[in-house]
Amino acid sequence: MLSALAAPVSAPARRPRHGLLLAPAHLVTDDPVTVYRLVVVVGSLAAAGAFPLMLRRLAVGARAALAPAFAAGAAPSLLLFSGLALADAVLPTLLLGWLLAVHELARRGSVRAGLAAGALAGYAVSVHLRGTVVLAVTLAVVAGLLAGRRLPRRAGIAALGAAGVLSAAGQALNTALAAGLYPRGHRDLSGLAFDRFLSLDGQAWALAGAAGQLWYLIVGTWGLAGIGMAAAGAISVRQGPFALRVAAGTLLATTLGIAYASSAALPDEHRAGNYAYGRYLACLAVVWLLAGLVVLVRGRRAAVLGCAAASAGLAAACLPRFRAAAVAAVTAAIHLAFAAHLAPAAPPGGDGLPAPVAGGTVAVDERVAWRIRVTLAHKVWWTALERYDGTRQGPPVVCTAIVPPEAGPPPPGWTVTGNGRFWTAWTAASCR
């Protein structure tokens with residue numbers, strides 16, 4: 001979130017790998033609002049890059065490809081995250097480019113394709129933990145191609161070397177960043193994941209959560225992802241172009257791996273997301289939506305009907321005379337209507353966060369919710385946040401103290417200057 005390049009925060013939190021995406025913006029300005037907007041612009045440009053990638057690889061002719069590529073590029077999973085300062089804005093384009101590089105590596109066996117596939121996998125693991133699955137699948141695919149003598153050794157070494165260098169560099173930078181942000185350590189969920197991997201109850205949790213994520217992926221793409229997955233499963237086990245079979249199997253393995261691993265690592269948050277969570281597979285939603293569109297546009301009637309039945313999705317898109325423009329028009333209309341619904345409105349009353357005295361020191365009571373504290377750390381860019389235990393002592397010598405609402409009236413020399421649902425702001429008389 002916005003705290004990724006904030007002043008140091010000492011509370012344990014989930015490690016923000018996407019902080020590397022925010023770092024360059026801080027070379028331009030120290031203003032947190034400007035940093036946020038710059039990151040959103042970069043994320044939006046990256047998300048828009050999915051369109052030319054899809055346009056180039058749709059094997060339906062240059063003009064006919066325009067409509068399906070536009071329909072897929074307008075998907076909510078792409079539009080929603082492109083307006084936020086999250087790694088989710090760049091992951092769809094990143095993984096689409098990676099998948100195309102893997103396909104090219106299996107088709108041509110070129111060193112260039114190996115470098116691209118390895119580098120993109122290494123970068124993916126640097127910007128989000130989901131990239132760990134991408135890296136693991138990349139290593140497995142390259143190893144399998146080398147073992148089966150389907151890949152020149154030089155191309156395989158290039159892929160493995162690029163993946164190793166990029167992932168190691170990203171790990172080093174993330175470690176240095178986390179040490180500065182979280183002196184007390186970050187929240188590591190790997191222990192929870194391994195506990196679930198090794199127990200029957202944990203496996204039941206992980207598999208059920210993975211199934212929920214797959215269901216969400218299919219429903220969130222109007223059934224098209226289900227059509228694409230059914231087709232990819234059939235392609236990967238039948239005779240056909242070798243590179244296409246490798247790409248289909250790679251995409252399926254990555255999707256299932258992310259769904260399973262992320263579900264195993266997520267704590268019980270007592271919400272619907274425990275059972276059906278859409279964010280972690282959203283990075284692959286555009287690829288699957290595009291695959292479903294291609295099946296509807298190019299597939300034979302029997303194949304289309306079979307894939308639609310397997311996905312239990314939009315069976316009415318299965319009319320045999322549908323052309324590319326018609327299929328894309330229906331999908332694009334739904335996406336544009338959804339985009340209009342997503343259009344942000346001006347938030348009433350600001351951002352809902354405390355507004356400390358600009359340039360002054362700030363202390364936060366330990367009892368204040370960590371979400372407020374972590375987000376505030378980015379807003380207060382000019383100084384590190386101090387921490388204190390309000391149950392044992394009063395606020396230290398600072399200009400602004402953020403306390404929980406139940407803290408009561410402020411001590412002498414302080415006045416209440418702001419209230420929120422989870423916080424109250426006190427300002428020292430000497431700073432007003």
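Strand β3 and strand β5 (residues 424-428) pair in the antiparallel sense over 4 bridges, where two strands count as paired if DSSP finds at least two bridges between them. The model is a predicted one, in which local features need pLDDT of at least 70 and side-chain atom pairs count only at pLDDT 80 or more, while totals for chains, interfaces and linings use all residues. Residues are numbered from 1 along each chain as its sequence is written, and side-chain values use heavy atoms, with hydrogens and water left out.

On its other pairing, β3 (residues 400-403) runs parallel to β1 (residues 362-365), and 3 bridges join the two.

Strand β5 in turn pairs with β4 in the antiparallel sense, over 5 bridges. The two strands form a hairpin with 4 residues between them. Taken together, the strands make an open sheet of 5 with the order β2-β1-β3-β5-β4 and mixed pairing. Strands β2 (386-388) and β4 (414-419) stand at the edges with a single partner strand each, so one side of each is left without a neighbour in the sheet. From one strand to the next, the twist averages 25°.

Attention now turns to the helices. Two packed helices are described by the angle between their axes and the distance between the axes. For helix α6 (residues 91-108) and helix α13 (residues 242-265), the axes come within 8 Å and cross at roughly 145°. Such axes are lines fitted to C-alpha atoms, for helices over the stretch in contact, and the angles run from 0 to 180 degrees between N-to-C directions. The crossing of α6 past α13 is right-handed; a crossing is called right-handed if the near helix is turned clockwise from the far one by less than a right angle, and left-handed if anticlockwise. On the α6 side, the contact is made by Trp-98, Leu-99, Val-102, His-103, Ala-106 and Arg-107. The α13 side supplies Phe-242, Ala-243, Leu-244, Val-246, Ala-247, Thr-250, Leu-251 and Thr-254. Contact means heavy atoms within 4.5 Å. By class, this contact has 10 nonpolar, 3 polar and 1 charged residues, with Ala, Val, Leu, Ile, Met, Phe, Trp, Tyr, Cys and Pro counted as nonpolar, Asp, Glu, Lys and Arg as charged, and the others, Gly among them, as polar.

Some individual positions are worth a visit. Ala-87 is found in the loop between α5 (76-82) and α6, and is buried because its relative accessible area is 0%. The C-alpha atoms of Ala-87 and His-128 are separated by 6.8 Å, although the two residues are 41 residues apart along the chain. Thr-29 sits in the loop between α1 (19-22) and α2 (32-48) and, at 18% relative accessibility, counts as buried. Beyond residues up to four places away in sequence, Thr-29 touches Thr-34, Val-35 and Leu-38. Tyr-216, in helix α11 (residues 200-220), is partly exposed, with a relative accessible area of 40%. With residues up to four places away again set aside, Tyr-216 touches Ala-276, Tyr-277 and Gly-278.

For the protein as a whole, there are 17 helices and 5 strands, and buried residues make up 46% of the 432 residues. Among contacts between residues at least 6 apart in sequence, 68% join residues at least 24 apart. The mean pLDDT is 81, and 83% of residues reach 70 or more; pLDDT is the predictor's confidence in each residue, from 0 to 100. Confidence is highest in helix α8 (residues 131-147), at a mean of 96, and lowest in helix α15 (residues 301-311), at 57. Over residues 312-316 the pLDDT is below 50, and this stretch has 6 contacts in the model beyond near neighbours in sequence.

Terms used
Buried < 20%, exposed > 50% of the residue type's maximum accessible area, 1.4 Å probe, protein only.
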